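Thanks for making time this morning. I would like to walk you through one model and a few of its residues, so please have the viewer open.

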Amino acid sequence: MNATSTPSSAGAPIAPTALRVGPFVHVTRLSAETEDDASVQASDLLRRATDALVESGASANDVVRTRFYVGDLMHTAALRAEHARFFGAHVSPATIVHEPSTTLALDLDAVVSDSSPRLTP
């Protein structure tokens, strides 16, 4: 099992961001850090999620599912567009969950294939 974490502003880890068990990588509940529009927030979340994947030896090409948690369903079209822009031809299934208490958050799951590049420990 391999876990990576994101540092807080004080430099101490907040919580694991990516958890890898065998070929499976789970990026957990990244939350938007800005008050920008939904497209900018989604782009930032997807970039941070990809960074966590790379630290775990995976890549965006290994993503098999994403979940956005959003407080305002008016942002659905922007989230779908940003997801498609980010993943391009490799558009994994995406779910948008209405969660009124959340501005915007993201989970994603990846499965690393034998042909995927891996980091050495």
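This is a predicted model: local features need pLDDT of at least 70, side-chain atom pairs count only at pLDDT 80 or more; totals for chains, interfaces and linings use all residues.

Let me begin at valine 111, which sits in strand β6, residues 104-111, where strands (E, at least two residues) and helices (H or I, at least four) are DSSP runs numbered from the N terminus. Residues are numbered from 1 along each chain as its sequence is written, and side-chain values use heavy atoms, with hydrogens and water left out.

Valine 111 has a relative accessible area of 34%, so it counts as partly exposed, given that buried means under 20%, exposed means over 50%, and partly exposed lies in between, with a 1.4 Å probe and protein chains only. Together with Phe24 and Val64, Val111 makes a nonpolar surface patch of about 230 Å²; patches are built from residues with over 30% relative accessible area and no salt bridge, like charges being joined within 9 Å and nonpolar side chains (Val, Leu, Ile, Met, Phe, Trp, Tyr) within 5 Å. The areas come from the Shrake-Rupley method with a 1.4 Å probe, and for residues only the protein chains shown count as cover.

As for the chain as a whole, it has two helices and six strands, following the pattern β-β-β-α-β-α-β-β along the sequence, and buried residues make up 38% of its 121 residues.

Now to aspartate 62, in the loop between α1 (38-55) and β4 (63-70). Aspartate 62 is buried yet has no salt bridge, the nearest side chain of opposite charge being arginine 20 at 7.2 Å; a salt bridge here is a side-chain nitrogen of Lys or Arg within 4 Å of a carboxyl oxygen of Asp or Glu, and for charge, Lys and Arg count as positive and Asp and Glu as negative, with His and the chain ends not counted. The side chain of aspartate 62 does, however, reach the backbone nitrogen of serine 59 at 2.9 Å.

Valine 63 and aspartate 109 are 46 residues apart in sequence, but their C-alpha atoms are 5.7 Å apart in space.

Finally, arginine 48 lies in helix α1 and, at 15% relative accessibility, counts as buried, while its side chain reaches the backbone oxygen of serine 31 at 3.0 Å.

Terms used
A polar contact is a pair of N or O atoms within 3.5 Å; within protein, one must be able to donate a hydrogen and the other to accept it, and residues adjacent in sequence count only if both atoms are side-chain atoms.
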